[in-house]
Amino acid sequence: MFSKLALRNVRRSFRDYGVYLLTLTFGVCLFYTFNSIEGQGAIVYLSQSKNPIVDVIMTIIDIFSVFVAVVLACLILYANRFLLRRRKRELGTYLLLGLSQGQVSRLLFLETGIVGLISLAAGLVLGVLASFGMSALTLSLFQMDVSALLALNFSPQAAGRTVLYFGIIFLLVMALSGVQVSRSKLIDLIHGERKNEVLKPRPLMAAVVQLILGVVCLIAAYAILLVFGMAVAVAVPFLCFPMLGLGTLGTLLIFRSLSGFVMKFVQNRPGLYFKNLNVFTLRQWLSKVHTTYLAQTVVCILLLLAIGITASCMGLNFTLNSLTDGEAPVDLTLWDYYNTVEGEEPLDFPALLQEGGVDVDSRLSGQASILLYRNDPEITGFGQKEGEAVQAVLALSDYNRQLALLGQPAIALAPGAYQTVEESPINGASHWRWLIVEDTVAEKLEIQNQCWSANYAENAEETERTIFQLIAPMDTTRSVYADSRLETYMDMMGSKILVLFLGLYLGFTFLLAAAAVLALQQLSQGADNTRRYAVLRRLGAEEKQVARSATQQVALAFLLPLVLALVHSVVGMKAANEIIATAGRVDSAASSAVTAGVLLIVYGGYFLATSLACRRMAKNA
């Protein structure tokens with residue numbers, strides 16, 4: 001009997017369970033997607049390349065998965081609390097009909113189990129699809145054809161871990177639901193939806209003082225972050241804790257002051273206060289004042305974490321991408337450290353490759369062989385003053401030959417002149433400082449080593465593999481060092497994927513938590529307001545006015561924490577970008593655009609779904 005009743009309740013109350021079920025499904029999907037990365041194409045490719053970053057990625061994902069599971073557990077418990085708040089009258093009716101509190105707890109136990117099984121099944125299906133999408137996204141970052149690794153795969157290990165973690169969470173929810181019902185009084189259950197918090201009017205001056213104190217606290221927290229920098233402010237305890245404490249306290253005070261400040265502000269403008277249903281909307285918002293400002297503070301912090309982590313990781317990801325060209329401007333560079341004392345001559349790499357079966361004309365789109373010289377200040381006239389040190393000297397003809405390989409215009413030198421170059425045209429020398437001199441001057445210098453550079457015409461991986469096989473025996477007979485753009489790219493790709501995974505994983509988690517908390521809170525409050533909407537209609541309120549009031553209440557709850565979170569994020573990203581800029585150029589526009597898209601899809605989607613649900617409740621009241 002209880003099973004049939006539980007199934008009927010879930011089916012009949014699907015709208016009540018809708019956002020709850022959606023949140024559970026998204027949580028399962030998110031958890032499975034990032035725990036199945038071991039079988040995704042990018043990680044498989046890095047594993048085949050024996051990139052050590054794979055072990056680092058898997059270890060970090062495992063650690064953060066525990067943290068994400070705790071966050072999702074708190075979110076689900078919070079959602080279940082609001083769901084029970086919504087159903088207090090129904091549960092009280094069961095008690096009036098003669099069911100014991102133990103039987104009602106058992107009924108809730110079965111309902112939670114059914115919802116959990118549905119969300120697990122749906123979440124795993126969506127997780128498989130999302131895992132495929134994540135695999136396609138990461139494989140698209142590779143500058144080579146790896147489409148063969150793109151496949152729709154199911155990870156039993158990730159599914160088992162997901163079922164285990166969420167099974168524990170659901171059991172915890174079931175137990176707490178039963179405890180909550182067993183401790184509730186019948187009268188509280190029957191009249192629970194009519195209870196509002198006691199609205200104690202606050203003097204306008206008190207609200208203004210709280211607002212000023214909140215702004216001062218935030219300015220102090222911002223100052224610590226911007227003056228000392230994010231690296232120092234976060235790492236040093238006596239700076240970190242005051243900064244976080246002041247930021248949280250300032251956010252709390254600002255939201256707390258709004259209840260009294262906004263009320264007085266609107267009341268002093270009768271034209272606005274008595275327009276449409278603004279009186280009702282404002283009173284309903286303030287009727288939950290304590291829950292509102294606490295929830296908005298928590299949501300604001302969650303949004304800050306979501307926006308900051310996503311934007312920072314995306315910014316760092318774009319920065320790492322731009323570093324590849326700087327580290328390796330050409331496809332392949334072979335360094336020949338031959339010994340002139342023993343009479344060794346520079347290697348003729350094109351002839352060597354031709355003898356090894358590599359058709360240089362068809363396999364390579366361009367090549368350049370140059371000599372690097374040691375600087376002698378008495379000959380070049382450079383390096384005699386402090387700060388004039390260079391790593392190597394290049395002849396003008398060799399430098400122009402290397403520029404031609406890069407597709408850049410040649411340079412010219414006046415007779416007796418020289419030029420220093422900070423940007424390296426050669427792989428493996430990205431931090432070198434070069435001195436460009438005339439050929440006649442370079443011939444007087446001591447040769448340091450030889451460098452041969454080339455770009456591939458086609459099939460880069462196969463060509464590079466063949467070349468590496470030919471030069472491998474030279475390691476034992478002669479100092480030949482290879483610097484490949486593909487190898488540099490693969491090393492950088494591991495870091496990119498780690499940053500991308502962590503950014504999306506944590507960003508989606510915090511954003512989902514923030515949006516779900518607000519949605520569940522507003523749906524619960526919207527359900528409690530159904531009787532009030534009916535009274536408004538009997539008093540002559542139009543249908544559009546009632547629906548607009550329901551939407552405005554949701555908008556206040558969603559937009560207020562978002563606005564302050566964006567302010568926090570602007571300051572936080574300024575500090576974060578200073579750290580990212582030490583690694584390379586910061587692409588703030590691209591990272592902001594991606595973060596805005598994620599925010600619009602997740603947060604905006606929850607706002608739209610919640611608004612429509614609350615409008616429907618108001619319409620059906």
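**Salt bridges, surface patches and buried elements**

Arg-374 has a relative accessible area of 39% and is therefore partly exposed. In this predicted model, Arg-374 forms a salt bridge with Glu-446, and the closest N and O atoms of the two residues are 3.3 Å apart. Arg-374 is placed in the loop between E2 and helix H17 (377–380), whereas Glu-446 is placed in the loop between H19 and E6, so the pair ties together parts that are 72 residues apart in sequence. As a general principle, side chains of opposite charge can pair when their charged atoms come close.

The structure holds six salt bridges. One of them joins Glu-462 to Arg-363, with the closest N and O atoms 3.9 Å apart. This pair links distant parts of the chain, since Glu-462 belongs to helix H20 (residues 460–471) and Arg-363 to helix H16 (residues 360–363), 99 residues apart.

The chain contains 25 helices and seven strands. Of its 621 residues, 49% are buried. The accessible surface amounts to about 29,100 Å², and carbon and sulfur atoms account for 63% of this area. Where contacts between residues at least 6 apart in sequence are considered, 83% of them join residues at least 24 apart.

Helix H18 (residues 396–405) illustrates burial at the level of a whole element. Seven of its ten residues are buried, so H18 is largely enclosed by the rest of the structure. The buried residues are Leu-396, Asp-398, Tyr-399, Asn-400, Gln-402, Leu-403 and Leu-405. Their cover includes strand E2 (364–373), strand E3 (392–395), strand E4 (419–421), strand E5 (434–437), helix H19 (439–442) and strand E6 (447–456). After H18 comes Gly-407, which has a positive phi near 75°.

Helix H23 (residues 530–538) also has buried residues, namely Arg-532, Tyr-533, Ala-534 and Leu-536. Just after H23, Gly-540 adopts a positive phi of about 105°. In an α-helix there are 3.6 residues a turn, so residues three or four places apart point the same way.

When neighbours within four places in sequence are set aside, the residues in contact with Val-173 are Tyr-20, Ile-76, Leu-77, Asn-80 and Thr-112. Val-173 and Ala-73 are separated by 100 residues in sequence, and their C-alpha atoms are 8.8 Å apart in space.

Two patches were identified on the surface. The nonpolar patch is formed by Leu-22, Phe-26, Val-125, Leu-126 and Leu-129, which together have about 410 Å² of accessible area. Two or more residues of this patch are given by each of helix H2 (14–35) and helix H6 (101–139). The largest share, three residues, comes from H6. Leu-22 lies in helix H2 and, at 34% relative accessibility, counts as partly exposed.

The other patch carries positive charge on the surface and gathers Lys-275, Lys-544, Arg-548 and Arg-615. Arg-615 is part of helix H25 (residues 588–620). The relative accessible area of Arg-615 is 34%, and this residue is therefore partly exposed.

Key. Residues numbered from 1 in each chain as written. Predicted model: local features only at pLDDT ≥ 70, side-chain atom pairs only at ≥ 80, totals over all residues. Heavy atoms only, no water. Patch = residues over 30% accessible without salt bridge, like charges linked within 9 Å, V, L, I, M, F, W, Y side chains within 5 Å. Areas by Shrake-Rupley, 256 points an atom, 1.4 Å probe, with all protein chains shown as cover. Salt bridge = Lys/Arg side-chain N within 4 Å of Asp/Glu carboxyl O. Lys, Arg positive; Asp, Glu negative; His and termini not counted. Charge placed at Lys NZ, Arg CZ, Asp CG, Glu CD. Helix = DSSP H or I, 4+ residues; strand = E, 2+ residues; numbered from the N terminus. Buried < 20%, exposed > 50% of the residue type's maximum accessible area, 1.4 Å probe, protein only. Contact = heavy atoms within 4.5 Å.
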